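Welcome! Please take a moment with the sequence and the 3D view below, and then let us walk through them together.

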Amino acid sequence: MPATSAVLSYGPQDPFVVADVDVDDPRQDEILVRIEASGVCHTDLVNRGAGDRDRPVLLGHEGAGVVEAVGVQIRSVQPGDRVVLSFRHCGTCANCRVQRPAYCRKAARLNHFGARADGTPRVTVGGVPVLDGFFGQSSLAGYALAHEDNTVVVDPGTDPVIAAPLGCGFQTGAGAVLNVLRPRPDSALAVFGAGAVGLAGVLAALDTTGRPHADVADALARQHSGEVVKPVLTW
Ligand SMILES: [Zn+2]
Ligand SMILES: [Zn+2]
């Protein structure tokens with residue numbers, strides 16, 4: 001049972017608290033990941049502010065790290081693998097069967113924070129159960145318990161700081177452009193907000209233009225730093 005630290009929420013308006021916690025050993029269908037980096041997404045803040053009955057809560061759903069241990073049922077990953085953690089999906093419902101896991105019919109149950117299905121806690125603080133399992137990971141901690149359906153093995157040399165937002169923000173922005181908006185090469189695209197979601201949307205849109213990504217990354221960096229005050233992205 002690893003002892004580590006975690007970022008906990010004790011109230012919808014309260015600042016996050018860093019606390020010492022214990023993470024349970026992985027059950028047969030669980031993967032223990034030593035978290036190296038985690039993004040913070042707006043969804044974390046929305047869930048922190050949603051109601052005050054269920055506390056303490058451990059959020060975080062953009063984790064990247066190294067597999068520490070796996071349960072006996074786990075086949076797709078092994079200790080030592082560098083992984084990115086994303087959202088959970090059942091793999092068997094009508095939407096999952098047609099390769100639309102983002103619309104999994106069991107998504108709410110699989111991704112909401114709480115305890116295991118049998119009621120046992122995965123994380124405790126001073127012996128008190130913590131509500132975790134957010135998006136099947138709760139990555140704002142030193143360790144997370146994930147599952148095969150939300151754990152993706154990446155190249156060992158991948159920078160975990162870059163990889164972590166792939167779990168939500170990058171795929172959200174890129175997916176919105178590539179799967180929903182589907183701009184043509186002559187389309188105009190307005191992106192409001194240059195975080196992980198917005199920047200991924202811009203880069204995905206660039207794939208429809210053939211314009212080098214480096215040009216835009218440089219322009220965005222200068223605009224973000226205040227060096228440029230007018231919008232610079234026109235094409
Ligand atoms: Zn998110
Ligand atoms: Zn499903």
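Five strands form an open sheet in the order 4-1-2-7-8, and their pairing is antiparallel. At its edges lie strand 4 and strand 8 (128-130), each of which pairs on one side only. Please keep in mind as you look around that this is a predicted model.

## Through the first sheet

Strand 1 (residues 3-9) and strand 2 (residues 17-23) run antiparallel and are joined by six bridges. To find this pairing in the view, look for Val7, whose bridge partner in strand 2 is Val18. Strand 1 is also joined to strand 4 (residues 57-58), by two bridges and again in the antiparallel sense. Here Leu8 stands opposite Leu58. Asp22 has Thr124 of strand 7 as its bridge partner.

One spot to look for is Arg34, which stands opposite Val66 in strand 5.

| Strand pair | Bridges | Facing residues |
|---|---|---|
| Strand 1 and strand 2 | six bridges | Val7 and Val18 |
| Strand 1 and strand 4 | two bridges | Leu8 and Leu58 |

Now for the interior. In soluble globular proteins, nonpolar side chains tend to be buried together. The largest nonpolar core in this model has 44 residues, and those with the most contacts inside it are Ala6, Ile31, Val33, Leu58, Ala141 and Ala144. Helix 6 supplies the largest share of this core, with seven residues.

Ala6 has its place in strand 1. Why does Ala6 count as buried? Ala6 counts as buried because it has 28 C-beta neighbours inside 10 Å, and the cut-off for a buried residue is 20 or more. Ala6 touches Ala19, Val21, Leu58, Val123, Leu140 and Ala141, leaving aside residues up to four places away in sequence. Ala6 and Tyr143 are 137 residues apart in sequence, yet their C-alpha atoms are 8.4 Å apart in space.

Ala144 belongs to strand 9. Ala144 is buried too, because 34 other C-beta atoms lie within 10 Å. Leaving aside residues up to four places away in sequence, Ala144 touches Val33, Ile35, Gly63, Leu85, Gln137, Ser138 and Ser139. Ala144 and Glu30 are separated by 114 residues in sequence and by 9.7 Å in space, C-alpha to C-alpha.

## Two helices

Helix 6 (residues 196-206) is largely enclosed by the rest of the structure, because eight of its eleven residues are buried. The buried ones are Ala196, Val197, Leu199, Ala200, Gly201, Val202, Ala204 and Ala205.

Helix 6 is also part of what covers the buried residues of helix 5. Those buried residues are Gly169, Phe170, Gln171, Gly173, Ala174 and Val177. Helix 5 (residues 169-181) has 13 residues and reaches 17 Å from its first C-alpha to its last, close to the 18 Å expected at 1.5 Å a residue. Along the way there is a kink of about 35°, centred on Gly175. After helix 5 comes Arg182, whose phi is positive, near 45°.

## Stepping back

Finally, here is the chain as a whole. The protein chain has seven helices and ten strands. Of its 235 residues, 34% are buried. Among contacts in the chain with a separation of 6 or more, 67% are between residues 24 or more positions apart.

Methods: Residues numbered from 1 in each chain as written. Chains lettered and ligands numbered in written order. Predicted model: local features only at pLDDT ≥ 70, side-chain atom pairs only at ≥ 80, totals over all residues. Buried ≥ 20, exposed ≤ 12 C-beta atoms within 10 Å, placed from the backbone. Helix = DSSP H or I, 4+ residues; strand = E, 2+ residues; numbered from the N terminus. Pairing = 2+ DSSP bridges. Core = buried A, V, L, I, M, F, W, Y, C linked by C-beta atoms within 7 Å. Contact = placed C-beta atoms within 7 Å. Expected span 1.5 Å × (residues − 1). Bend = angle between axes of the 7 residues up to and from the residue.
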